[in-house]
Amino acid sequence: MNFPIISSLILLPSIGALFLFFINSKNITGIKYVSLFVSIINFLISIYLWLIFDQSSYEFQFVESRVWIKDFINYKVGVDGISILFIVLTTFITPLCILSVNSSIKNRLKEFLIAILLMETLMIGVFCSLDLVIFYLFFEGGLIPMFLIIGIWGGERRVYSAFKFFLFTLLGSVLMLIAVISIYWIAGTTDIEELYKLGIDPKYQNLLWLAFFSSFAVKTPMWPVHTWLPDAHVEAPTAGSVLLAAILLKMAGYGFIRFSIGLFPVASEYFVPFIFVISLIAIIYTSLVALMQDDMKKLIAYSSVAHMGFVTLGLFTFTQQGVEGGIFQMISHGIVSAALFFSVGVVYDRTHSRRINDYGGLVNVMPKYSILLMVFTLGSLGLPGTTGFIGEFLILMGTFKKSFLVAAIASLGVILGAAYMLWLYKRVVFGELTNQKLLKIIDLNKVELSILTLLALSIIFFGFYPDPFSNTYSVSVENFINEYNDKINNYNLQNQ
Amino acid sequence: MINLFYISTEIFLSLSILTLLLIGVFKNKSELFIYNFTCIILLVGLAININLKPEFPIDLFNNSYKIDYFTTLIKSVILISAFLVMLCSLNYVKQNDILKIEYPILILSSILGMLVMVSSNDLIVFYVGLELQSLALYVLAAFKRDNILSSESGLKYFILSALSSGLLLYGCSLIYGFSSSTNFDLIYQNSESIEYGIIFGIVFILVGLAFKITAVPFHMWAPDVYDGSPTSVTVIFAILPKIAALTVFINFLYGPFLEMFDQWQAVIIFLSIGSMVFGAVAAIGQKKLKRLIAYSSISHMGFALAGLSVGTNEGIQNSIIYLIIYLIMNIAFFCCLFMLKRENQYFDKVEDLSGLSKNHPLLSLCLMIILFSLAGIPPLAGFFAKFYIFTAVIEQSMYFLAIVGLLSTVIAAFYYIRLIKVMYFDEQKEKYDLNHSIGLKMILVISSTIILIYFINPNIINNFVLDITLI
């Protein structure tokens with residue numbers, strides 16, 4: 001048997017966390033270096049995995065499978081062209097989060113880093129698992145560290161937000177658990193590869209789809225169950241917001257591809273109008289809400305809801321462009337929203353205010369920051385040359401194939417997106433420097449500069465040259481669409 | 001010739017009880033000695049019990065006493081948990097002035113009663129065991145006799161329990177009347193045609209047993225009794241009688257009444273849904289940890305009953321796994337309660353946990369793991385317990401039960417994470433003492449570790465129950 005590279009990716013952060021547990025909590029430098037070291041090693045492993053990944057095959061690769069619960073569930077992990085990008089995204093964002101704790105986390109640093117590393121394990125696990133039960137374990141397990149991250153290190157209303165986050169997500173997920181168990185009894189297995197081959201009886205699909213949807217819709221989050229997200233984002237510490245926006249939300253989008261559409265094609269086809277409607281509401285409504293926010297983090301949180309609306313729209317077009325666009329948009333949003341939350345974190349650490357009105361004229365005192373924030377703003381609104389553009393463009397292309405009206409309304413969202421982001425930028429960076437506190441503000445320090453520059457570079461680089469991403473997933477997506485169409489055609493033939 | 005070898009555990013316990021009584025009567029200041037000796041007796045009893053390993057079911061005393069793999073397993077579980085309970089409550093017992101010679105002896109007699117209950121294959125034997133168990137527990141509940149709450153809880157427990165025993169006896173007599181036997185096997189043979197008298201009898205027996213495991217709507221005594229009794233007795237209430245009574249549930253339902261599955265299934269589902277939902281909702285407003293854990297155990301019993309209601313071997317096995325994980329979590333939880341003391345005064349209010357994580361990081365870490373596990377969040381053991389139960393439930397397409405059960409876990413999660421919030425997010429208070437006995441610390445750390453790493457190899461615990469085949 002080959003070296004279990006995926007399992008080591010999953011386990012390494014946990015081992016690091018265990019190691020941290022035994023370090024004296026006063027040894028702050030040691031704690032930081034250990035966690036940083038572990039997460040960077042993990043990033044390198046994932047890059048290596050990406051390099052040796054065979055892009056011309058749509059099969060799951062590096063599959064590991066062993067008996068876990070006897071006669072019941074196997075531990076099975078592996079990656080394909082879709083999931084590997086999310087793993088790289090996770091391992092890329094986590095070290096940045098760890099770097100950023102320097103200024104934002106004052107107390108209980110050790111526990112915080114343990115929580116972040118455990119989170120990394122769980123997030124990678126979600127993207128690798130090839131068994132529904134294993135997936136559920138990782139998916140739900142993330143609740144515990146995230147609850148603590150928001151609740152212990154969050155802002156003033158942290159308790160309310162932590163509870164809301166926890167209970168909303170748990171409520172959505174228990175229905176998914178019922179669906180997972182039902183699938184086991186209907187199909188006799190929870191192995192995803194086998195389920196793809198066997199298919200699930202169409203007469204059960206609608207209910208199962210709804211059960212999965214209830215979980216993913218909360219996590220995505222889709223309108224109208226998105227209300228936990230602004231609260232959670234606003235109260236979470238910077239690193240928590242970044243993880244939440246960049247990766248946790250992607251779990252649901254990934255779940256839609258892998259499970260909702262992959263396992264229940266007939267039901268997905270049936271629910272397309274439903275998804276389109278709530279995605280459009282999410283895009284337009286939350287963009288309008290975002291326009292009216294006076295809290296920076298809240299504004300970005302609402303923009304996340306709108307962007308994830310684009311993602312669901314793209315995924316449910318079932319066209320090559322739409323699905324690829326959805327995946328690209330998720331990666332792009334992962335980088336851009338992480339960057340935006342880091343940027344808010346930078347000024348929040350200095351002034352302890354997130355209110356937009358407290359800022360203005362930052363360009364006079366923080367030129368470097370202003371330039372980088374410009375890149376992120378443009379990335380978020382989807383200017384050509386940034387990653388945001390490619391995702392939205394592909395999604396709209398895919399949507400036009402399906403329905404002109406939907407695409408036209410969705411395009412309106414792009415304009416609104418530009419409006420709230422540019423207005424935010426104008427109010428924060430330009431204008432008169434009226435707030436006296438801001439006079440003494442210092443520009444980015446080295447760590448912050450390197451985090452933000454790295455993110456800005458990746459936004460621009462992959463904006464001009466998206467091939468590394470698109471080459472990785474295109475074969476898998478093509479196969480995904482073909483299988484989907486085959487299953488739908490088969491179903492239609494049987495019903496004639 | 002009756003093979004007495006197979007009941008050597010019971011014989012050994014009875015002889016030890018008598019010997020300890022003699023020692024207690026004739027020797028001055030022998031309390032601590034008797035307490036420690038009881039722990040050893042439990043361990044020896046456990047060793048004897050494990051050593052039995054019956055290859056095939058054995059019937060004793062004219063088929064009124066049954067020894068098989070299932071009963072032996074449950075007896076071992078009872079003995080181990082009794083040992084752990086005794087070990088972790090030693091300091092509490094010493095400091096609260098309840099270390100009298102009767103205390104360990106009463107526990108031993110109640111355990112003897114449980115062992116008899118578990119093995120009984122006859123209504124009369126079963127009743128004798130049940131009463132031996134309950135009588136000892138009444139006294140234990142009121143053991144802090146100068147304390148008004150403790151006396152109240154003892155009295156309350158006694159009166160309500162006597163009422164339920166009455167109902168149970170009435171049920172037994174109905175069964176006897178309509179099936180003309182008290183032996184389980186004969187009842188099974190004689191009750192093939194469904195007679196309403198027998199159904200009435202079953203309902204009365206189920207009511208009596210539901211009372212013992214605090215299933216809704218026969219739960220009303222639990223919070224008061226849990227709260228009033230000394231904590232060292234509460235932990236016994238929370239664990240031991242429930243294991244025994246649930247086993248008797250299984251023995252009854254899947255023994256003499258198996259043919260009437262259609263009749264009793266609805267009753268069990270009703271008990272189960274009621275307990276799950278009520279336990280979850282009622283615990284939200286509680287301010288005392290012991291009351292809270294009482295409601296939480298009501299809700300947990302609902303889940304165990306859900307496993308029994310499906311009528312398959314998997315259902316029974318999963319209920320037993322649930323019970324084992326439940327008792328690990330409860331023992332660990334009570335260990336934490338025993339650690340909340342300052343200058344020999346014990347604390348049991350929710351607000352006493354405030355800011356615990358700053359002063360006692362390890363204790364609060366353990367308690368957090370336990371609470372998340374009680375709430376059923378993966379990947380902790382509590383999640384698997386529920387997962388197995390619902391696997392069995394959904395296999396029989398009982399979706400309503402599954403959905404209600406899982407939604408009640410969301411409600412229950414609220415009050416568990418409220419405790420975590422109090423520990424981790426609130427302001428800290430004074431420190432608690434750190435001079436705990438090594439046994440207490442060991443039990444807490446080991447049980448929390450088991451809860452935490454159960455997912456790595458679930459088969460270790462699951463293998464115990466695989467051989468239980470009652471149908």
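Which residues touch the most other members of the largest nonpolar core? In this predicted model, they are A339(A), I78(B), I331(B), A332(B) and C335(B), within a core of 364 residues. The element that gives the most to this core is helix α14 of chain B, residues 313-339, with 20 residues. As general background, nonpolar side chains tend to be buried together in soluble globular proteins.

I would like to stay with C335(B) for a moment. Leaving aside residues up to four places away in sequence, C335(B) touches C88(B), L440(B), I443(B) and L444(B).

Let me now turn to the two chains, beginning with chain A. Chain A contains 20 helices and two strands. Its C-alpha trace spans about 75 × 55 × 40 Å along the principal axes. Among the contacts in chain A with a separation of 6 or more, 79% are between residues 24 or more positions apart.

One helix of chain A deserves a separate remark. Helix α13 of chain A, residues 296-315, has 20 residues and reaches 29 Å from its first C-alpha to its last, close to the 28 Å expected at 1.5 Å a residue.

Chain B comes next. Its secondary structure amounts to 20 helices and four strands. With a radius of gyration of 21 Å, close to the 23 Å that the globule rule gives for 471 residues, chain B is as compact as a globular protein of that length. Taken along the principal axes, the C-alpha atoms of chain B fill a box of roughly 65 × 60 × 40 Å. Buried residues account for 57% of the 471 residues in chain B. In the set of chain B contacts with a separation of 6 or more, residues 24 or more positions apart supply 78%.

How do the chains meet? At the interface, 23 residues of chain B are in contact with 25 residues of chain A. On the chain B side, the elements that give two or more residues are α17 (381-395), α18 (399-425) and α20 (459-465). Of these, α18(B) gives the most, with 12 residues. By type, the chain B side that touches chain A divides into 17 nonpolar residues, four polar and two charged.

I shall close with some details of the backbone. In chain A, a cis peptide bond joins W223(A) and P224(A), with omega about 5 degrees. P224(A) sits in the loop between α9 (202-219) and α10 (228-235) of chain A. In chain B, a cis peptide bond joins P378(B) and P379(B), and omega is about 5 degrees. The place of P379(B) is the loop between α16 (361-375) and α17 of chain B.

Two residues with positive phi complete the account. H352(A), although not a glycine, has a positive phi of about 55 degrees. H352(A) is in the loop between α14 (320-351) and α15 (362-365) of chain A, and it counts as exposed because it has 10 C-beta neighbours inside 10 Å. K29(B), likewise not a glycine, has a positive phi of about 50 degrees. The loop between α1 (8-26) and α2 (31-52) of chain B holds K29(B), which counts as exposed with 7 C-beta neighbours inside 10 Å.

Technical notes
Residues are numbered from 1 along each chain as its sequence is written. Chains are lettered from A and ligands numbered from 1 in the order in which they are written. This is a predicted model: local features need pLDDT of at least 70, side-chain atom pairs count only at pLDDT 80 or more; totals for chains, interfaces and linings use all residues. Two residues are in contact if their C-beta atoms, placed from the backbone, lie within 7 Å. Ala, Val, Leu, Ile, Met, Phe, Trp, Tyr, Cys and Pro count as nonpolar, Asp, Glu, Lys and Arg as charged, and the others, Gly among them, as polar. The radius of gyration is taken over C-alpha atoms; the globule rule is 2.2 Å times the number of residues to the power 0.38. A residue is buried if 20 or more other C-beta atoms lie within 10 Å of its own, exposed if 12 or fewer, and partly exposed in between; C-beta atoms are placed from the backbone. The expected span of a helix is 1.5 Å times one less than its number of residues. A nonpolar core is a set of buried Ala, Val, Leu, Ile, Met, Phe, Trp, Tyr and Cys residues joined through C-beta atoms within 7 Å.
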